[in-house]
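Good morning, colleagues. I would ask you to keep the sequence and the structure in view while I speak.

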Amino acid sequence: MTYRFLPDVALADIAFEATSDTVDGLFETCGLAITDIMVDPSTLRTTNERELSLQSESLDRLLYDFMTELIVMKDVDSLLFGEFRVRVSKAGTSLDAVARGEQIDRERHRLRNDVKAVTMHLFGVKHEGKTWRTTVVLDI
Amino acid sequence: MPANPAIEQVSDVAWEISPSYKQGMNVPARIYASKKLLDSMDSGVIEQVTNVACLPGIVRYSYAMADAHWGYGFPIGGVAAFDVEKGVISPGGVGFDVNCGMRLIRTNLHYSEVRPKIKELVDLIFNLVPAGVGVKGTQNFAQSQMGDITSLGVKWCAEHDLAWEDDPNHVEEGGFIKGADISKVSRQAISRGTSQFGTLGSGNHYLEIQVVDPARYLDKDRAEEFGIVHDDQVMVMIHCGSRGFGHQVCTDYLRNFESGMRRFGIEVRDRDLACLPFSSKEGQDYYSAMVCAANFAFVNRQIIVNQVRDAFSRVFHRDAEALDMHLIYDVCHNVAKVETHSYDGTSAKVLVHRKGATRSFGPGHPDVPAPYRKIGQPVIIGGSMETGSYLLVGTQKAMDETFGSTAHGSGRTMSRTAAKKEVRGAELQRKMLDHGIYVKAATMDGLAEEAGMAYKDISEVVETMDRAGISKKVVALRPIGNIKG
């Protein structure tokens with residue numbers, strides 16, 4: 001499960017590529033990458049827990065909706081998450097997840113960029129051999 | 001960008017690409033740029049401006065302004081007008097941050113009065129105007145009020161003692177675009193937006209205290225019409241948009257549009273150009289939601305203005321009226337609007353998409369506020385936090401050539417990562433202080449990413465549009481204090 005940032009993909013925004021051996025791990029990795037953009041993860045505790053259940057028409061859309069939901073929770077509930085446990089259905093059209101993190105604390109958290117939306121640019125989920133891969137460009 | 005034989009020079013600051021350049025182009029592309037700006041423009045602009053030219057129902061030209069750079073689908077700095085019956089609407093032609101825009105407020109203060117208090121003023125505004133990750137606004141509206149707020153915009157604010165009586169008259173569209181329908185906006189967008197009124201956001205958003213640059217106090221007569229009467233007058237400029245509300249509207253509808261295109265048999269060269277017929281139910285639904293977001297942004301900037309007026313009043317011990325803190329103007333630079341324009345021998349309603357572009361209506365236009373109608377609409381073009389900004393005026397030539405549109409800012413030339421490698425935030429902050437600019441930022445990384453070297457030369461952009469006759473320079477504004485998210 002890894003992610004790496006792609007500095008040359010979007011001048012005004014932030015892009016990353018995530019890979020994992022499992023589709024569940026791919027979702028979890030994307031969650032961690034988004035958190036890393038918004039806060040230094042080493043300053044984030046995991047004292048709050050949120051359960052998520054999502055349904056979508058395809059695996060691509062499910063991942064898009066999952067990442068969008070994290071952004072919504074950041075804005076609505078001031079939550080940032082440092083740990084994820086995601087279970088994607090065999091059909092790839094639904095998931096159950098537990099996200100653990102805490103509310104934003106401006107004194108303690110080393111905050112970074114504010115992620116505002118997931119774009120469709122270059123987006124898609126690929127399964128290449130044993131590796132699940134995606135490229136995500138986020139509007140900052 | 002390497003020399004491209006398809007780009008034909010039509011004047012010293014205008015270039016065209018014929019429809020024969022790419023299969024499917026319905027109109028030519030037109031780029032406003034000096035040779036220097038054109039040579040430094042990324043090749044993605046050419047690809048994107050010619051892709052936009054392929055969209056159904058586009059009329060006249062697909063435009064790229066002098067600050068154009070690569071975006072999602074449309075280039076940033078892109079303008080395209082569509083026949084309202086046969087044309088499309090595209091969220092990519094508006095941008096995620098619906099009605100990201102600029103507001104300029106004057107004061108009657110001189111630089112000599114503000115300079116000794118700039119730290120106190122900036123620190124206070126930084127506390128009053130939340131900026132950065134996940135910030136909440138200080139103005140708590142109920143979700144049940146969002147329908148009215150996003151329908152009536154700044155007019156709603158004036159009716160609820162959240163704006164001065166003449167504020168709406170100094171905002172594009174009188175402070176609200178007609179056609180909002182909150183029922184077309186998702187619960188998530190409403191939830192995100194309700195708690196964010198009066199917040200600045202982050203990224204390239206800022207609130208800047210500026211002073212007229214006496215060396216570039218260029219058109220004193222027009223400046224006076226805008227209420228700028230001395231050559232060291234202090235101004236405040238706000239750059240922000242519709243926050244999570246607008247971003248969620250775009251997110252929601254981009255999903256719908258992709259699947260909708262298959263039903264309408266529309267194919268686009270770039271997934272980010274997802275579009276639907278403007279006359280379709282889905283097109284109209286997006287438009288209504290987008291208008292809600294645009295009006296949200298007008299209100300957001302209004303709430304911030306109230307906080308700024310409060311801050312100035314506290315620091316200078318006079319009320320904001322006594323400080324003459326009236327709005328000069330507020331412009332959108334990410335929006336799609338139905339406007340009436342004359343072109344090709346006819347006058348018709350068109351849907352004008354401006355993505356990172358500013359309206360630039362000329363003298364006599366009925367949509368220009370009465371106090372300015374004789375000279376034309378104020379145009380606010382923001383530069384980087386180190387270089388300053390410009391106030392310009394719209395022209396008849398803009399009406400004749402570009403559907404009343406001009407550039408919006410400098411445009412980035414360097415990625416955020418590359419900028420952070422070149423300069424550290426703390427070092428930049430010190431350097432700016434040495435140059436007389438006190439900046440307070442939510443994060444040092446965010447500050448470094450917005451360094452002036454990451455942007456085009458604003459003066460070259462503005463000079464180009466002035467030479468093109470699309471917007472004429474009135475005054476340059478130099479930063480002395482800055483708040484960044």
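I shall discuss chain A as a whole and then some strands of chain B.

This is a predicted model, in which local features need pLDDT of at least 70 and side-chain atom pairs count only at pLDDT 80 or more, while totals for chains, interfaces and linings use all residues. Residues are numbered from 1 along each chain as its sequence is written, and chains are lettered from A and ligands numbered from 1 in the order in which they are written.

Let us begin with chain A. Its secondary structure comprises two helices and eight strands; helices (H or I, at least four residues) and strands (E, at least two) are DSSP runs numbered from the N terminus. Along the sequence, the pattern of chain A is β-β-α-β-α-β-β-β-β-β. The radius of gyration of chain A, taken over C-alpha atoms, is 14 Å, which agrees with the value near 14 Å for a compact globule of 140 residues; the globule rule is 2.2 Å times the number of residues to the power 0.38. Along the principal axes, the C-alpha atoms of chain A fill a box of roughly 45 × 35 × 25 Å. Of the 140 residues in chain A, 48% are buried. A residue is termed buried if 20 or more other C-beta atoms, placed from the backbone, lie within 10 Å of its own, exposed if 12 or fewer, and partly exposed in between.

I turn now to chain B. In what order do the strands of its open sheet of seven strands lie? The order is S1-S2-S3-S4-S5-S13-S12, with mixed pairing; two strands pair if DSSP finds at least two bridges between them. Strand S1 (7-11) and strand S12 (334-343) of chain B are the edge strands, each pairing on one side only. Within this sheet, strand S3 (residues 29-32) and strand S4 (residues 58-69) of chain B are parallel and share three bridges. Ile31(B) has Ala64(B) in S4(B) as its bridge partner.

Finally, consider strand S16 (residues 389-394) of chain B. Six of the six residues of S16(B) are buried, so this strand is largely enclosed by the rest of the structure. Strand S15 (residues 378-381) of chain B runs antiparallel to S16(B), with four bridges joining them, and Val379(B) stands opposite Leu392(B). S16(B) is also joined by six bridges to strand S19 (residues 471-484) of chain B, again antiparallel. There, Gly394(B) has Ser471(B) in S19(B) as its bridge partner.
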